[in-house]
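Here are some quick notes from my look through the charged contacts and a bit of the strand pairing. Have the model open while you read.

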Amino acid sequence: MNMQANQGQAGATAAGVQAPPSPRSLEDTGISPVMLRDLLLKTMFRTNLDSTSAIARAIALPVPLTQELIDAARGQRLLEATGTMHANSGNEMGFQLTDAGKARALDALSQSEYYGAVPVPLEQYSAQIRRQSIRNIRLTRDQLMEGMGGLILPPDMIGNLGPAVTSGRSILMYGPPGNGKSSISHGIRKAIGDRVYVPRAIEYSGQVISVYDPIVHAAAEAALDDPNSLRRTSNRFDNRYVWCERPSVITGGELSLDMLDLSYNPVSRTYQAPLQLKATGGIFIIDDLGRQAEPPQKIVNRWIVPLEESRDILALQSGEKFTVPFDTLVIFSTNFHPNEIFDGAALRRIFFKIKIDGPSQEMFLKIFAMVARKKQMPLNEEALMYLLKVKYPTIEMNFANYQPTFLIDQMIAICAFEGIPNQMSPELIERAWGNMFVRQEEIAR
């Protein structure tokens with residue numbers, strides 16, 4: 001699935017995704033000349049860069065276009081040549097801000113502290129999203145099973161998950177805690193193993209919104225421009241984007257509705273993209289639904305328009321609202337029964353509902369044996385019989401996928417403390433079991 005594609009020219013593909021072509025002119029950037037000039041001046045003011053190639057890397061434009069910006073700024077007497085040559089940069093001429101250039105940079109910074117990479121206009125960004133849509137993903141059964149790693153799943157689970165994932169629609173996974181809903185979500189993320197292009201920032205109505213986030217996005221490769229290249233530009237794709245693994249955002253009980261809105265910093269006067277925008281082209285996992293401060297119904301209501309219309313509505317500080325693409329596989333995971341936390345209308349908006357039950361006794365034993373093998377814990381028939389005949393009847397034979405790992409880790413810790421080789425016995429099972437459940441008892445006050 002992670003096929004390497006030829007990227008020698010604009011429009012080539014990476015893992016089946018068409019690359020955004022590198023701009024051949026300043027007009028191709030879609031950004032106004034004034035904004036381009038101000039970004040150049042602000043970046044030079046904040047970074048003290050003075051060579052064309054270094055500035056080009058900072059503002060994410062090809063060297064020839066950066067030189068064109070520099071020449072225009074020199075014509076306006078905002079920049080001047082320093083008269084020094086940089087031997088380590090192909091003998092490039094150095095440039096610096098004039099007094100007028102510094103004044104203009106400070107004025108521009110007072111309006112917005114954003115500097116660096118030239119943003120991608122919303123229209124261009126929307127076109128790139130269509131080229132790399134999560135709904136274009138086509139997973140085979142083998143790829144999805146490989147993504148699940150060593151998880152032991154019911155026979156029909158992959159058959160239910162496959163259509164849900166390849167549709168790119170929303171998924172609700174529900175069932176008792178400790179049965180692998182989070183692990184399955186991570187497995188889906190791993191199975192979707194190709195890459196997409198994430199903009200460093202996007203622009204709407206003169207406002208810049210930072211999108212690329214190294215905490216969320218795993219960069220695979222950058223497009224670098226060689227100032228000594230004979231070609232007009234040697235960029236393999238528009239360097240205003242970062243080629244990344246398909247993003248995945250995971251939230252839990254900490255999720256609040258304001259995290260789904262644009263974040264505005266009044267000091268720097270800059271915007272940060274909300275979580276779902278950063279997850280575009282990838283997966284947004286809402287784990288432990290029902291544990292958030294807001295009710296689950298309210299959280300799902302926030303997703304109605306995005307899930308039904310593949311677009312989201314955001315608002316600037318001015319109150320102006322605008323539409324951005326919504327191209328994200330949303331996975332809700334909850335320990336509650338859906339009928340307890342949603343009304344019928346909300347449930348209709350979630351396209352796939354998959355129940356994740358605890359394992360049967362046979363599956364439990366398979367998981368237990370697999371975990372024991374991985375952790376080098378010898379199996380003991382007497383201990384297993386004690387577990388199945390004495391301990392599990394006390395909880396009505398309610399097996400859970402997390403329990404084998406928990407019990408074996410407990411026994412390994414006990415053996416390490418007692419200074420004995422890894423082993424299991426009825427006595428060690430009893431001690432491990434005592435840490436898995438809290439007994440109901442009176443506490444002296």
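1. Start with the network: salt bridges link Arg37, Asp38, Arg104 and Asp107. A salt bridge here is a side-chain nitrogen of Lys or Arg within 4 Å of a carboxyl oxygen of Asp or Glu. Within that group, Arg104 and Asp107 bridge with their closest N and O atoms 2.6 Å apart. Both sit in helix α4, three residues apart, about one turn of the helix. Asp107 is partly exposed at 36% relative accessibility.

2. Before going on, a caveat: this is a predicted model, where local features need pLDDT of at least 70 and side-chain atom pairs count only at pLDDT 80 or more, while totals for chains, interfaces and linings use all residues. Residues are numbered from 1 along each chain as its sequence is written, and side-chain values use heavy atoms, with hydrogens and water left out.

3. How many salt bridges does the structure hold? There are 14. One of them joins Arg46 to Glu113, with 2.9 Å between the closest N and O atoms. Arg46 is in helix α1 and Glu113 in the loop between α4 (99-111) and β5 (120-121), so this pair ties together parts 67 residues apart in sequence. Helices (H or I, at least four residues) and strands (E, at least two) are DSSP runs, numbered from the N terminus.

4. Asp213 and Lys278 also form a salt bridge, at 2.8 Å from N to O. Asp213 lies in the loop between β9 and β10 (219-221) and Lys278 in helix α9 (residues 275-278), so the contact ties together parts 65 residues apart in sequence. Are these two buried or exposed? Asp213 is buried at 14% relative accessible area, and Lys278 is buried at 8%. For reference, buried means under 20%, exposed over 50%, and partly exposed in between (1.4 Å probe, protein chains only).

5. Now the strands. β8 (residues 201-204) and β9 (residues 207-210) run antiparallel, joined by four bridges; strands count as paired if DSSP finds at least two bridges between them. The two make a hairpin with two residues between them, and Ser205 in the turn has a positive phi of about 50 degrees. Ala201 stands opposite Ser210 in β9.

6. β9 also pairs with β14 (residues 270-272), in the parallel sense and over two bridges. On that side, Ser210 has Gln272 as its bridge partner in β14.
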